[in-house]
Amino acid sequence: MKSWNNKAWFLVLPVLLLVAFSAIIPLMTVVNYSVQDSFGSNEFYWVGLEWFQEVLSSERFHNALMRNLLFSAIILLIEIPLGIAVALAMPRRGWGVSVCLVLMALPLLIPWNVVGTIWQVFARVDIGLLGYSLTQLGFDYNYTQDTLDAWITLIVMDVWHWTSLVVLLSYSGLVSIPPAYYQAARIDGASRWAVFRYIQLPKMRRVLVIAVLLRFMDSFMIYTEPFVVTGGGPGNATTFLSIDLVQMAIGQFDLGPAAAMSLIYFLIILLVSWVFYTVMTQQDADAESGRGHS
Amino acid sequence: MDLSWMAWTTPTAIFFAVILCLVLSMWVWELISPGGQPRRGILRFETTRGDRLFVTLLGSAFINLAWLALVGPNLWWALAVCGLFGVLVFVFV
């Protein structure tokens, strides 16, 4: 007996066309550009793998990649635990729920360039509330001249902007836990930590997979906020891969090397996202099969 | 339709055609011999045939990049390593 319906493909077709136009065709074009040199006016010259070799041996690329990996690691280490903690502290019923949800959603509604502008002004030592206050308190703070200050400013800005996403995802996971689990834990005399470790955290796993993936991809591709706040400086201290890529492609019009770099960048994101997704969903599958066998 | 802005070359066209053929061959394989259900291999996680093709393609991309960075621009041997890698992935993963 036929158990599938091929008409379903027609429902998938619009998405397929959308992905083709927004992702596959541009990706093909980037692959084509990465093996050629261009001097404008649609004139291309075959160079083979030269740009890939150039990028792979470039110290500039290595440094930007290391900065990006470090930034993403710090962001995940701060935002995921903080987001879970805030979600745990949020009320589950009453008027406080709406207030908290609206407050949490506010930073997510602000466009990236506006966030950058807010923090660029906020952290300035001459007129910014944060920068001026820190200076008055005796801190030697100046994000335009000091590497550490620039990094701290970008990290705090990203935490302010995106922790809400982790909070909202974690909160959705928490409210979906049936009350029977908590009742059983209360009867067993489980501690607050045990409830978190054995009920809340496993039940939040699916949404946390999404949170980790989204935050990794977003932080690894960050461009607008650091570009507006620090412009990649001081020196190249906050020049992440995306900023470097735009400088190369648009600033220097080196389309070939920029295409090769963006393909390597894409492959790294694809690999890390796949590893994250596989590890986290596999733990979920193991937990399910463990329950099935017990 | 003018596609000159996409800057097509024969080698890149062959590259994409090979990937398309690989995807289509997975479909044909499934029609001839259904059996794409998840299984656990040496990496101890569940993979379908499609997952194994994805791992092969992604791994091959990194094998070629590593070869290019460490050995040189002649990638024929890297392609042979990728072929071997693909066989190992489909048999053991």
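Which pattern does chain A follow, read along the sequence? In this predicted model, the order of elements in chain A is α-β-β-α-α-α-α-α-α-α-α-α-α-α.

**Figure 1. Overall view of chain A, with its 12 helices and two strands.** The C-alpha trace of chain A spans about 75 × 75 × 30 Å along its principal axes. Chain A has 294 residues, of which 27% count as buried. Among the contacts in chain A with a separation of 6 or more, 70% are accounted for by residues 24 or more positions apart.

**Figure 2. Close-up of the largest nonpolar core, which holds 24 residues.** The residues that touch the most other members are Val55(A), Phe240(A), Leu245(A), Ala258(A), Ala259(A), Ala260(A) and Met261(A). Two or more residues of this core are given by each of helix H1 (8-34), helix H2 (50-56), helix H3 (59-89), helix H11 (241-251) and helix H12 (255-293) of chain A. H12(A) provides the largest share, seven residues.

Figure 3. When residues up to four places away in sequence are not counted, Met261(A) touches Val55(A), Phe61(A), Leu245(A) and Met248(A).

**Figure 4. Contact between chain A and chain B, formed by 24 residues from chain A and 18 residues from chain B.** On the side of chain A that touches chain B, at least two residues each come from H1, strand E2 (44-46), H2 and H12 of chain A. H12(A) gives the most to this side, with eight residues. Divided by class, the side of chain A that touches chain B comprises 15 nonpolar and nine polar residues, and no charged residues.

**Figure 5. Packing of helix H2 (residues 49-70) of chain B with helix H3 (residues 76-92) of chain B.** The axes of the two helices come within 9 Å and cross at roughly 150°. H2(B) is therefore roughly antiparallel to H3(B). The crossing of H2(B) and H3(B) is right-handed. From H2(B), the residues in contact are Arg52(B), Val55(B), Thr56(B), Gly59(B), Ser60(B), Ile63(B), Asn64(B) and Trp67(B). They meet Ala78(B), Val81(B), Cys82(B), Phe85(B), Gly86(B), Val89(B) and Phe90(B) in H3(B). By class, the residues of the contact of H2(B) with H3(B) are nine nonpolar, five polar and one charged.

Technical notes:
Residues numbered from 1 in each chain as written. Chains lettered and ligands numbered in written order. Predicted model: local features only at pLDDT ≥ 70, side-chain atom pairs only at ≥ 80, totals over all residues. Axes fitted to C-alpha atoms, helices over the stretch in contact; angles between N-to-C directions. Helix = DSSP H or I, 4+ residues; strand = E, 2+ residues; numbered from the N terminus. Parallel < 35°, antiparallel > 145°, perpendicular 65-115°, else oblique. Left-handed = near helix turned anticlockwise from the far one by under 90°. Contact = placed C-beta atoms within 7 Å. Nonpolar A, V, L, I, M, F, W, Y, C, P; charged D, E, K, R; others polar. Core = buried A, V, L, I, M, F, W, Y, C linked by C-beta atoms within 7 Å. Buried ≥ 20, exposed ≤ 12 C-beta atoms within 10 Å, placed from the backbone.
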